[in-house]
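This report describes one protein chain, element by element and then residue by residue. Please read it alongside the sequence and structure shown here.

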Amino acid sequence: YFLIEANEKQFKQSTWNNYPTERYTMRKDIIKSELLIGKTKQEVIRLLGDPKVSNLTGKEHLIYSLGKVPSFFESDEMQLIVIFEDDVANKVIYAEK
């Protein structure tokens with residue numbers, strides 16, 4: 001748990017684009033700052049790039065890979081999920097794949 005907290009960073013588009021395996025370090029800032037809330041799908045894609053293909057059903061959403069959090073144990077890949085209502089982002093969560 002301490003390893004995760006020590007690696008938290010503010011969102012920077014250049015880091016997001018150039019170091020995809022380190023995206024997990026920005027997940028809390030993206031959520032706390034509400035960076036994506038109120039943005040359209042196209043605005044989110046312009047900021048974060050092309051999302052992963054999703055097989056989830058239900059609400060409109062985009063999924064982005066966050067990489068794996070360093071751990072002493074095997075860890076699953078983390079994902080950032082942006083949920084839309086009426087083509088506007090209204091919730092952002094992260095989860096293990």
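Buried stands for under 20% relative accessible area, exposed for over 50%, and partly exposed for what lies in between, using a 1.4 Å probe and protein chains only. Helices (H or I, at least four residues) and strands (E, at least two) are DSSP runs, numbered from the N terminus.

β1 pairs with strand β2 (residues 77-85) in the antiparallel sense over seven bridges; two strands pair if DSSP finds at least two bridges between them. Within this pairing, K68 stands opposite E77 in β2.

## Basis of the values

Residues are numbered from 1 along each chain as its sequence is written, and side-chain values use heavy atoms, with hydrogens and water left out. The model is predicted, and local features need pLDDT of at least 70, side-chain atom pairs count only at pLDDT 80 or more, and totals for chains, interfaces and linings use all residues.

## The nonpolar core

A nonpolar core is a set of buried Ala, Val, Leu, Ile, Met, Phe, Trp, Tyr and Cys residues joined through side-chain atoms within 4.5 Å. The largest one has 19 residues, of which W16, I30, L36, V44, L48, L80 and V82 touch the most other members. At least two residues of this core come from each of α4 (41-48), β1, β2 and β3 (88-96). β2 gives the most, with four residues.

L80 is in contact (heavy atoms within 4.5 Å) with W16, I30, I31, L36, L48, L62, I63, Y64, L66, V92, I93 and Y94, leaving aside its neighbours within four places in sequence.

## The chain as a whole

The chain has four helices and three strands, in the order α-α-α-α-β-β-β along the sequence. Its radius of gyration is 13 Å, close to the 13 Å that the globule rule gives for 97 residues, so the chain is as compact as a globular protein of that length. That radius is taken over C-alpha atoms, and the rule is 2.2 Å times the number of residues to the power 0.38. The C-alpha atoms fill a box of roughly 40 × 25 × 20 Å along the principal axes.

Buried residues make up 35% of the 97 residues. Among contacts between residues at least 6 apart in sequence, 40% join residues at least 24 apart.

## K41 in helix α4

K41 is in helix α4 and counts as buried because its relative accessibility is 18%. Its side chain makes a polar contact with the side chain of E60 (2.4 Å). A polar contact is a pair of N or O atoms within 3.5 Å; within protein, one must be able to donate a hydrogen and the other to accept it, and residues adjacent in sequence count only if both atoms are side-chain atoms. Leaving aside neighbours within four places in sequence, K41 is in contact with E60, L62, F84 and D87.

## T21 and T25 in the loop

T25 lies in the loop between α2 (13-18) and α3 (27-32), and T21 lies in the loop between α2 and α3. T25 counts as buried, at 3% relative accessibility, whereas T21 counts as exposed, at 57%.

A polar atom of the T25 side chain lies 2.7 Å from the backbone oxygen of E22. Not counting residues up to four places away in sequence, T25 touches N7, E8 and K9. T21, leaving aside its neighbours within four places, is in contact with L66, G67 and K68.
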